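I wanted to write down what I looked up, in the order in which I looked it up.

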Amino acid sequence: MNPAKPGETRRTPWIVGVSGASGTPYAAAVLRALLAGGESVDLVVSRASRLTLLDETGISFRDAHWRDDLREWLARGADGKPDAFDVNLDGVRYWGAGDLAAGPSSGSYATKGMLIVPASTACVAGVALGLSKDLLQRAASVTLKERRPLVVAVRETPLNGQTLRHLVALDDAGASVVPASPAFYAGATHIQDLVDFVAGRVLDAAGVGHGLYRRWEGELGGATGGGSGTRTP
C-alpha cells in the first residue's frame, strides 16, 4: 500500500469476512452500517459463502463483477425485496479469497480489525487452529497476532463440544464471539429488525457506532411504546 501523502489521511479499513454459514443478510446489514457510518471496508467473500449467497438470495457473486453483484446484494432487504436500500460502495475494496498476497494477509497492512459475519463452524475451526487455508482465515490470524479486534459472529445450532472448544480458544486469543442470536426486546416487527439486531451487536463488539436497533434502557414495555410494563394504545 502506498504511504499517505502530506495532508492525506491513510485509509484504515475494517476487514469483513463472509464465510459459508447461512445468514448472508447479517453480513449485508453489517456492511451497510459500516459504509453508512463513513467506515472503509476490505471485503473477503469465501468460496463457500458464494453458494450460500446464491441459495439465499439468487445472486451470483463473481470476482470480475464484484461491484455490481455486491451492490445488488446490499440493496436487497432481508425479506428478499430488491432495491430496499440505497448503497454507496465508494469505501469498499474487494480481495479474492484465494489471494494470499492481498493486503490483509500481512500485519503491516493497517486495519481497524476484522468482523467475520456469518462465521461457519469450519471457519471457526480454521481460525482457532491457525490453518490460514484462504485469505479469510489468514486475515483473521493476522488480526489476532496484531492484537486488533476480531469479532466472530458464529451461526450454527446446535453446537458440539469441538466447536465450543474452538470458540473458547478464540475467546482466549482475544476475539469476541457473538452468536447470531436475535433478541425481541427491541420491538421487532419485521425480519429486517431481527437481522439488524444481530448486525448491531456485531458492531457493538467492535466498538463501531450505529443506530440499527433500539437499546435497552431499563424500562419495561419500551418496545411496545409503553413504560413500566404498560402498553399504550
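How many bridges join strand S1 to strand S4, and in which sense do the two run? I found four bridges between S1 (residues 14-18) and S4 (residues 113-119), and the two strands run parallel. Before going on I noted that this is a predicted model, in which local features need pLDDT of at least 70 and side-chain atom pairs count only at pLDDT 80 or more, while totals for chains, interfaces and linings use all residues. I also noted that residues are numbered from 1 along each chain as its sequence is written, and that side-chain values use heavy atoms, with hydrogens and water left out.

**Entry on the sheet**

I reminded myself that strands are DSSP runs of E with at least two residues and helices are runs of H or I with at least four, both numbered from the N terminus. Two strands count as paired if DSSP finds at least two bridges between them. With that in hand, I read the open sheet as six strands in the order S3-S2-S1-S4-S5-S6, with parallel pairing. The edges are S3 (92-96) and S6 (176-177), each of which pairs on one side only. As background, I wrote that strands of a sheet pair through backbone hydrogen bonds, either parallel or antiparallel.

S1 and S2 pair in the parallel sense over five bridges.

I also looked up helix H4 (residues 121-129), which lies across S4 and S5 (150-154) and runs at about 145 degrees to S4. Such angles run from 0 to 180 degrees between N-to-C directions, with axes fitted to C-alpha atoms, for helices over the stretch in contact, where contact means heavy atoms within 4.5 Å.

**Entry on strand S2**

Is S2 covered or open? I found S2 (residues 41-45) mostly covered, with five of its five residues buried, where buried means under 20% relative accessible area, exposed over 50%, and partly exposed in between (1.4 Å probe, protein chains only). Val-41, Leu-43 and Val-45 lie on one side, Asp-42 and Val-44 on the other, and both faces are covered.

**Entry on salt bridges**

I took a salt bridge to be a side-chain nitrogen of Lys or Arg within 4 Å of a carboxyl oxygen of Asp or Glu, and by this rule the count comes to 10. One of them joins Arg-11 to Asp-42, with the closest N and O atoms 2.8 Å apart. Because Arg-11 lies in the segment before S1 and Asp-42 in S2, this pair ties together parts that are 31 residues apart in sequence. Asp-42 is buried at 0% relative accessible area, whereas Arg-11 is partly exposed at 26%.

I noted a second pair, Asp-69 with Arg-62 (2.8 Å, N to O), in which Asp-69 is buried at 3% and Arg-62 is partly exposed at 40%.

**Entry on the surface**

Last, I found that Tyr-185, Trp-216 and Leu-220 form a nonpolar patch on the surface, with about 330 Å² of accessible area together. Such areas come from the Shrake-Rupley method with a 1.4 Å probe, and for residues only the protein chains shown count as cover. Patches are made of residues with over 30% relative accessible area and no salt bridge, like charges being joined within 9 Å and nonpolar side chains (Val, Leu, Ile, Met, Phe, Trp, Tyr) within 5 Å. Leu-220 is found in the segment after helix H7 (191-206) and is exposed at 54% relative accessible area.
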